[in-house]
Amino acid sequence: MSQPRPDLAPDADLSREEMETLQREIADVAVFDDAFAFDTDALSNPLAATSSGGQPPVVVGIDQSFLTNADGDQDRALSAVVAMRGGEVIERVFAVTPLEIPYIPGLLSFREGAPILAALEELSVTPDLFLFDGSGRIHFRQAGIATHMGVVRDVPSIGVAKSLLCGSPRGNLEDLSEGTTVGIESNARVDAPDGTLLGYAVQTRQYESPNRYINPLYVSPGHRVGPETAADIALALSASYKLPEPVRLADKYADDAKTSLDD
DNA sequence: GCGACAG
DNA sequence: ATCTTGTCGC
């Protein structure tokens, strides 16, 4: 059984090359297959009494917003964490930490990892699953923020991104019907054999009629979850909105908490 | 050199 | 991510 790896936590003081080396190490220990004990069917059902007789699993959604100083510069990141069980919110916490580095595609976890880990420390319930706003295995070095955080805490995790960082869709992504998934495989930009399945484009919501259509989500394994299960869970946790509820609520909480701070 | 690029 | 009104469609 794997263990938490606090030694692999993101360090914003590392050189860019060291960050990339750390990401390859993280991808190496990450598990991109189902390796969890909770009951997937009980994720969104409030009354689900699991086969083992316990409570439904605790799903935690995580998202960030940014705070500005007097000069108008973004100087702090706010991480919002929303814990849900059986479709209901059971706890919310957030943490603010100073921003050390700018946003660099592929190095997001080194910018946002500190506030996330700090916020997770505040959580009193024990998470069974993390849902991140960002990529997991769909990443140049197969170590997006969902993978990085999942490995450090050794908690099953899934990356839910609104746009595609890298990789190639195995089919057309325009105007997919609700519930449809399209595989995303590695290409030359990804540190994996070409054709490796990295995740799925997932159409959680779609308009009924013509003209406009909603873009899919890009769901990928973070840690201890396989690509199919990750896509299934994203669909199961999406209600009336495009984003799965835990992520959508974390997104809103990050915004509300930010507003309540610099009011 | 040129293009791509989560949040 | 963030800055932001109106506006198209159900």
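Phe-94 is partly exposed, with a relative accessible area of 30%. Here buried means under 20% relative accessible area, exposed over 50%, and partly exposed in between, with a 1.4 Å probe and protein chains only. The model is predicted: local features need pLDDT of at least 70, side-chain atom pairs count only at pLDDT 80 or more, and totals for chains, interfaces and linings use all residues. Residues are numbered from 1 along each chain as its sequence is written, chains are lettered from A and ligands numbered from 1 in the order in which they are written, and side-chain values use heavy atoms, with hydrogens and water left out.

Phe-94 sits in strand β3. Strands (E, at least two residues) and helices (H or I, at least four) are DSSP runs, numbered from the N terminus. Together with Val-96 and Leu-261, Phe-94 forms a nonpolar patch on the surface. The three residues have about 220 Å² of accessible area together. Such areas come from the Shrake-Rupley method with a 1.4 Å probe; for residues, only the protein chains shown count as cover. Patches take residues with over 30% relative accessible area and no salt bridge, joining like charges within 9 Å and nonpolar side chains (Val, Leu, Ile, Met, Phe, Trp, Tyr) within 5 Å. A salt bridge is a side-chain nitrogen of Lys or Arg within 4 Å of a carboxyl oxygen of Asp or Glu.

The open sheet has 9 strands, in the order β3-β2-β1-β4-β5-β9-β8-β7-β6, with mixed pairing. Its edge strands are β3 and β6 (168-169), each pairing on one side only. Two strands pair if DSSP finds at least two bridges between them. Strands β2 (residues 74-85) and β3 (residues 88-98) run antiparallel and are joined by 10 bridges. Within this pair, Met-84 has Val-89 of β3 as its bridge partner. The two strands form a hairpin with 2 residues between them. In the turn, Gly-86 has a positive phi of about 60°. Strands β4 (residues 129-133) and β5 (residues 157-161) run parallel, joined by 4 bridges. Asp-133 has Val-160 of β5 as its bridge partner.

Several loop residues are buried. Gln-203 lies between β8 (197-202) and β9 (217-223), with a relative accessible area of 1%. Its side chain reaches the backbone oxygen of Ile-214 at 2.9 Å. A polar contact is a pair of N or O atoms within 3.5 Å; within protein, one must be able to donate a hydrogen and the other to accept it, and residues adjacent in sequence count only if both atoms are side-chain atoms. Asp-154, in the loop between α3 (145-153) and β5, is buried at 11% relative accessible area. Its phi is near 55°, a positive value in a residue other than glycine. Arg-224 lies between β9 and α4 (227-236) and is buried at 9%. Phi of Arg-224 is near 60°, also positive.

Around DNA strand B there are 17 residues; Tyr-103, Gly-106, Leu-108, Ser-135 and Lys-162 come nearest. A residue is near a strand if one of its heavy atoms lies within 4 Å of it. A side-chain N or O atom of Tyr-103 is 2.5 Å from a phosphate oxygen. Polar backbone atoms reach base nitrogens from Gly-106 at 3.1 Å and from Ser-135 at 3.0 Å. For DNA strand C, 90% of the atoms within 4 Å of the protein belong to sugar or phosphate. The residues around DNA strand C include Lys-162, with a polar side-chain atom 3.2 Å from a phosphate oxygen.
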